[in-house]
Structures are given as C-alpha cells and as structure tokens.
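Please open the model in your viewer and keep the sequence panel beside it. The tour below goes from one selection to the next and says what is found at each stop.

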Amino acid sequence: MAQWLAQNWFDLLSSVGILFAAYTIHVDAKARRIGNFLAIVSNYQDIWKECFRNPSLTRVLDPSADAAKQPPTPTEELFVGLVISQMSSFYYAAKSDPVVKLEGSRQDMAQFLSLPVPKAVWHTVKPLQNRDFAAFIDSALK
C-alpha cells in the first residue's frame, strides 16, 4: 500500500481535488440559485408595494373593471408593464435554471393577466415581447 501510495500520490491528490472542486461548484450553484430567487422576489415585492400605496392602481386588480369603456391610464399601463417585465425576467431566469422554480408561477401570471386592465395592457405590449415569452403567456391564458 505504501509503495502504491508513493507511486500514485499525485493522481490520488488530483482526484480528491477534483471531487472537492465539484462539490464546491455544486454548493456555489445552489447558493447562487437561492440568491437569484431572493433578488427576484424582492423586486416583485417592490413592484407590488406600489400597487397598494397608490390608490390610482386599485382598478388594476378589479375583476369587474371595464377596460373597453375606460382604457388603462398611463399609471396603470406603467405598473402592469413593470409586472410583465418582472414576469419576463422570471420566465427567462427559470428557463435557464439559475433560480428556484415556483410551481404556481404560470398560474399566477395567467390569473393576473386575465384581469381586465392587465389583459388590455398585455395586448398592447405583447408585440414588444420576445416570441417565446409571449407564447408562454398566451398558452397560460388559455
């Protein structure tokens, strides 16, 4: 055993180093995913805080709002646009796997964009979105 160790110590040490590096990469990737997730959640919360601070945004969440009679205001359009931008960011982050997956995110996006004001804004901004994200949202809305 001692002779084998004397002849193969470098290979053994290299193998241990490779295993340690692989473990470190795995732990770093996991920590990065959680950090990315927390950043996305923090941004999401910041956007939604505005909805509750600004009374002019109450119609955004009103399922009985009539967006045909009273089109979205610029403030509503800006807010919904920020939410859609956040959705897009989450979609691409989740697609490339640097974040923790939220299993209900597709349904959450569909519920929001099914509301009258967000739906009207979605139809306006949809042509400005990447095709795969727009297809994802449209399939969620069906």
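**First stop: a tyrosine and its ring partners**

Select Tyr-92, which at 26% relative accessibility counts as partly exposed, where buried means under 20% relative accessible area, exposed over 50% and partly exposed in between, with a 1.4 Å probe and protein chains only. Before going on, note that this is a predicted model, in which local features need pLDDT of at least 70 and side-chain atom pairs count only at pLDDT 80 or more, while totals for chains, interfaces and linings use all residues. Residues are numbered from 1 along each chain as its sequence is written, and side-chain values use heavy atoms, with hydrogens and water left out.

Tyr-91 and Tyr-92 form an edge-to-face aromatic pair, 4.8 Å centre to centre with 80° between the planes. For such pairs, the ring centres of Phe, Tyr and Trp (its six-membered ring) lie within 6.5 Å, and planes under 30 degrees apart count as stacked, over 60 as edge-to-face and the rest as tilted.

Now extend the selection to Phe-133, whose pair with Tyr-91 is tilted, at 5.6 Å centre to centre and 55° between the planes. This pair links distant parts of the chain, since Tyr-91 is in helix H2 and Phe-133 in helix H5, 42 residues apart; helices here are DSSP runs (H or I, at least four residues), numbered from the N terminus. Both Tyr-91 and Phe-133 are buried. The structure holds 7 aromatic pairs.

**Second stop: the nonpolar core**

Select Phe-79, Ile-84, Phe-112 and Trp-122, which touch the most other members of the largest nonpolar core, a set of 28 residues. Such a core consists of buried Ala, Val, Leu, Ile, Met, Phe, Trp, Tyr and Cys residues joined through side-chain atoms within 4.5 Å. Helices H1 (2–53), H2 (74–95), H3 (105–114), H4 (116–125) and H5 (131–141) each supply at least two of its residues, and the largest share, 9 residues, comes from H2.

Centre the view on Ile-84, which touches Leu-113, Val-121, Trp-122, Val-125, Gln-129 and Phe-133, not counting residues up to four places away in sequence, contact meaning heavy atoms within 4.5 Å. Then colour H4, where Pro-116, Val-117, Pro-118, Val-121, Trp-122 and Val-125 are buried; the buried residues of H4 pack against H2, H3 and H5.

How many salt bridges does the structure hold? There are 3, each with a side-chain nitrogen of Lys or Arg within 4 Å of a carboxyl oxygen of Asp or Glu.

Select Glu-76 and Arg-59, whose side chains meet at 2.8 Å, N to O. Glu-76 is in helix H2 and Arg-59 in the loop between H1 and H2, 17 residues apart, and both are buried.

Go next to Lys-126 and Asp-138, where the N to O distance is 2.4 Å. Lys-126 lies in the loop between H4 and H5 and Asp-138 in helix H5, so this pair ties together parts that are 12 residues apart in sequence.

Finish at Lys-49 and Asp-46, whose closest N and O atoms are 3.8 Å apart. Being 3 residues apart in helix H1, they are separated by about one helical turn. Lys-49 is partly exposed, with a relative accessible area of 41%, and Asp-46 counts as partly exposed at 43% relative accessibility.
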